[in-house]
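This briefing concerns the fold and the surface of one protein chain. Please consult the sequence and the structure as the points below are read.

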Amino acid sequence: MARRRPMQPPKGTAMSASSSSDSSEEEEEVGSDELDDDDAQATSASDSEGDDGSAMEQADDDDASSENITDDNEKMEDGDFHQSKEAITTSNVNDADGSSSSSSSSDDEIDDDADDDVNATTTSDSPPQISKSWAALTTHSPCYTGGTVVFSHSPALSMTVAATTPLLDGQQSPQHFILAQRGGDVSVIEASTGLLLRTVRKGKLFQGGFDLSSDYNENDDQADDDDDDDEAADAEAITAFALSPNNTEFIAVTRSHLVRKYSLTARASTGEEESKKNKNQAKKQHDGDEEKKQPQRVTSITDPAKVTFSFGKSGHSLPVTKVAFHPSGIFFATGSVDGLVKIWDTRNGYATHALHPTSSSSSGSAGGRGRYAVTCLEWRPTTTSLILAIGREDGSISIHDLLIDARDTKQASLPVAVLRDHLSAVTCVAWSSEVGGMNAGGVSAASGSRTRKHGGGLFFSSGRDSVINTWLISEEESMEIDGPKRKKKKSSRDDNGQQQVSIKISYNRIRTLPVYEQVESMTLLPHKFRPVSVTKGQQEILDKKDVVLATCGTKGVVRLWRATPGDKDGGIQNVLSDFTLLLAQGDDAAFGEENGGYTSLHLTSLSTTHLAPLLAATDAEHNMTFLRMQWRADNSALELVTDRAIVGHNGEILDLSIIPPLSNSENSDKHTVALATNSSQVRIFGLGDANEDEIGDDVESHSALSPRGMLDGHTAIVLSIDASPCGRYLVTASKDKTMRLWHIASKRCLAVATGHTEAVGSVALSNKIGCYDVGGKAAENGAGAFAVTASKDRTLKVWPLPGSAVLNRWADGMNEENSLNARLSARAHEKDINIVTVSPNDSLIATGSQDKQVKLWRTTDLALHGTLKGHKRGVWDCQFSPIDRVVATASGDKTIKLWSTTDCNCIRTFQGHMAGVLRVRFLQTGLQLLSSGSDGLIKLWTIRTNECESTIDGHADKVWALDLSPCGAALFSGGADSKLAVWRDTTKERDDAVREAEEQNIMMEQQLSNHLRRKNYEEALEVALELDKPNQVLRVLTEIVEKDPKNGRGLETLQKHAVKWSSDRLKKMLTYCREWNTRARNSQIAMIVINAVVTAIPAAKIALSLEGVPEILAGVAPYAERHFDRLDRMVGDSYILDYTLTSMGSLHGSANELYSEWAERSKYVLPPKEADGKIQIGGSLIVGGKKRSGNDSDSSDEDDVVTIGESDSEANSEEE
């Protein structure tokens, strides 16, 4: 099983036993509590700093406190490492000899080593000690699952259709991409790297450049499953498609017979996005600012493709399997299993012709037309003709010329020729106008008096009957003469009175080439796809006038055939010579018949150099191999060189192992990884820098996974692999009951280990690098390197390796495969063994089984060292720590356990996975764990705190394979979803970003404090909005409003700011107002801000540019109405106060000067008036009162008096 090469453990280190773990756990809890308290203080300091900060002195104090907090955190980070080391080492049990002094000395050595490690980590670029975040570096997702593959057209073809289908500005440069069927969808693949960019229906499936550690939602998987099981989704599955010549549009036909046209340069919009887009367009039209549409590239869009037109139902009764675009881009043809072919017009959106299959002459059926599945559709590659060849399952080829008798649709739908020389399905056809351009009478087209309507040349066809036929195209013209009995309506004259010309077209078979394999694909190589012949010897091998065909089929070999044009005057049989084999793939590069052979062959210009055209062969295992034909170094012969390959589908990834780089290696890859997929082959991928295939100066470099070869030798599925720490050897275990040892550089099998009676489920290599150089008797006796295998037969075997000298001799020799002999063997478990692994010092071997146990074995004699019991289900993986004497185990009971190898006690248990845990790995520091499970998640655990630091959601199925690079900077994961993902540690980048954001925040808060001290409220408002601090914004707005309330300049200031605010800031400000309006004391500021916004900006512009305004105002309205009701009640209550004060003033008489001055300064709603002994207040309320005179008359009318309250004097007088 693939494991990472751990470092050698320092002497005397061991993990704490369960008997002494309580005290250490208490110390750890205290330390974590202190850390939490410090973090809380830091958080409170930060909050207070954000809310207050009005004075310069306070800002300086906050800066100083933040620096102290940063220093404390840095000290705690260093202390965490020492504390974790002490927690692991101080509570260790003593060694077997019981020497406490050696234990204490070893502790000192460990502390010194830890200090060195910390210092080295601080001064180097290695990942931090405690990792908290991982992000995707790149991924290799399944992009092709079988079916149609279309390559973007060459620039020459794109430019020929520029007049009919013009490209957008900036899109004249070629775009290199591949369209391939991916289940019921179509994937867009980047040509140079093979990366899956997006799919047509779903868009980007994997966020390869973003941190996925916090985006996991367990409901997403269920939603995806529901979508996959939905019958509507199945009905929308694409069964056939074709790419337009301008590389921007393509036609797709679904399983429900719907024909749609997609735009690859436009993104599909949801309802909200479409509404937003319409609003933005309306806003631009309203403002008179209509911007020019910016073109986009096919490879730069990550959204689903946009459906630009729907043609409706196709009219076929059975699924459509073939779609072909005419070179003009105006017409396209659809072919179905029912044998019907329909021609469609993209400009008008309807079908123009229906081409039915003709009855076979040998069928003898009197019922009419026979219906046979369409296996091939091919237009003649010229924009001036509409000639279509249709190949069918019965071996017939129908040639249709839609321009002959174009006025008679019925006559135009009939074929001009039907070829029935093939005995099986026709797979490919091709035209060539360069050779055979002569008519039946031997007059060439150039010398003829009239231009041909159909065109001459040669026609090639291939089929599954293992032959390639060559046809000579000829035509005859004859004048139709009106006979004496011919009716007028059938006159042979046209509308202009000219005699009509009858054209007879014939396809004569002149050559038949037997290729002795079922030809699945054939293509004609133009001159630009061939190497230039310079010397005379090269011209004899390949002349520029020669016709070259490339074929591939069930034998899995790409072949090139050559024919020489002959003398045109010598008859039709001498037009072209017989085809002879020009070139073929070598046995080492060919895919092979036993693997299923090739399924299609394409011509493409998708080269990383943008210069040399390539042949792309697609095989039965969904791989795309790019081949280049070139002259050998001595220019004596041609050869087919493999340029690169794209793996379309890996199958289920069962295991992987990162191959350590060699010191003297010339490989430019950053990492090399070997994959065990659901096949008998082991695939090797390299992670390196790849350039995007773009023409121009802006070439972007990024990391990409590319195949680097295969290891083929097993006869059954490979279950486990492991690489040696020296990077030279690889071992594989398979269901064929064998273990094989490989030499990685030469990709040769060095030896085979046989002896197990059942499938070998796991394999591991020794970890000491120096042991691989040990050979001879010492190696046979166990002093050298070794391999360990665990089988379904429940046995464990140790296989010694003969040493690097012997292994290198085996790699250089041409002898047959050698055999390895088992040195030790033991029956390990009572059930199937799932995993075997070797300790860093090669002293122990750990095995995990379905019997819920993990057993530790001594490598010297396979004696049982101890048994780890505690899991409730089978154990899937176990891993030794690179630092301490502990081992981690992963089980189907959804837990990970940490065990001490000294006393075999459980130290830690990690819970968090929602399904069984399949793999576990230690990080390089030994302080953290990485685990993967059946839930498709990868979790990062900190051993000291027993907590999950991060969760990575990058797979849709079980993650069977997990491995770390030797440097610890890259993590590789693979699963049952056929996805290989590479992750990198982004903790340092995230911490740097957080630190930079904090520094920027401190600077802006200081600016805010300075502006507030200097009373620059307008500048302070912008800074507070930038900091997104609602309390500071409210404070600044309060100062602005209260600065000059008499003249209303606060409102004018806010209106000036509102005009300058962006849409997002306006929305943010209205959201603030909604929150402020919930409290009575802040409602006035909220209403003033809303007043400034709605008065400064037109309502139509707010409605078009801002989303969610109705929701925001709906939250403002209820509280605003409540506040207005409260103000109305206060105004009504103030009338009583006015009456009381007026009444109190009348007691002192009209000559009271103080009362007169107060009355002048006071502002009533309506000034109180005195009429007929009554006081009128507010204009509507009349209150009766006593009119007091200087004589204090007691006479009054009780009916005219309304008493509101009683005074003490009046109460006393009544009592008297």
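Helices (H or I, at least four residues) and strands (E, at least two) are DSSP runs, numbered from the N terminus. On that basis, the protein chain holds 21 helices and 60 strands. The model is a predicted one.

**The chain as a whole**
- Of the 1216 residues in the protein chain, 48% are buried.
- Among contacts in the protein chain with a separation of 6 or more, 60% are accounted for by residues 24 or more positions apart.
- The protein chain has an accessible surface of about 58200 Å², and carbon and sulfur atoms contribute 47% of this area.

- Arg873 counts as exposed because its relative accessibility is 55%, and exposed means over 50%.

**The nonpolar patch**
- A nonpolar surface patch consists of Phe1124, Leu1127 and Met1130, which together have about 300 Å² of accessible area.
- Phe1124 belongs to helix H19, which covers residues 1109-1146.
- Phe1124 has a relative accessibility of 48% and therefore counts as partly exposed, a class that lies between buried, under 20%, and exposed, over 50%.

Methods
Residues are numbered from 1 along each chain as its sequence is written. This is a predicted model: local features need pLDDT of at least 70, side-chain atom pairs count only at pLDDT 80 or more; totals for chains, interfaces and linings use all residues. Side-chain values use heavy atoms; hydrogens and water are left out. Buried means under 20% relative accessible area, exposed over 50%, partly exposed in between (1.4 Å probe, protein chains only). Contact means heavy atoms within 4.5 Å. Accessible areas come from the Shrake-Rupley method with a 1.4 Å probe; for residues, only the protein chains shown count as cover. Patches are made of residues with over 30% relative accessible area and no salt bridge: like charges are joined within 9 Å, nonpolar side chains (Val, Leu, Ile, Met, Phe, Trp, Tyr) within 5 Å. A salt bridge is a side-chain nitrogen of Lys or Arg within 4 Å of a carboxyl oxygen of Asp or Glu.
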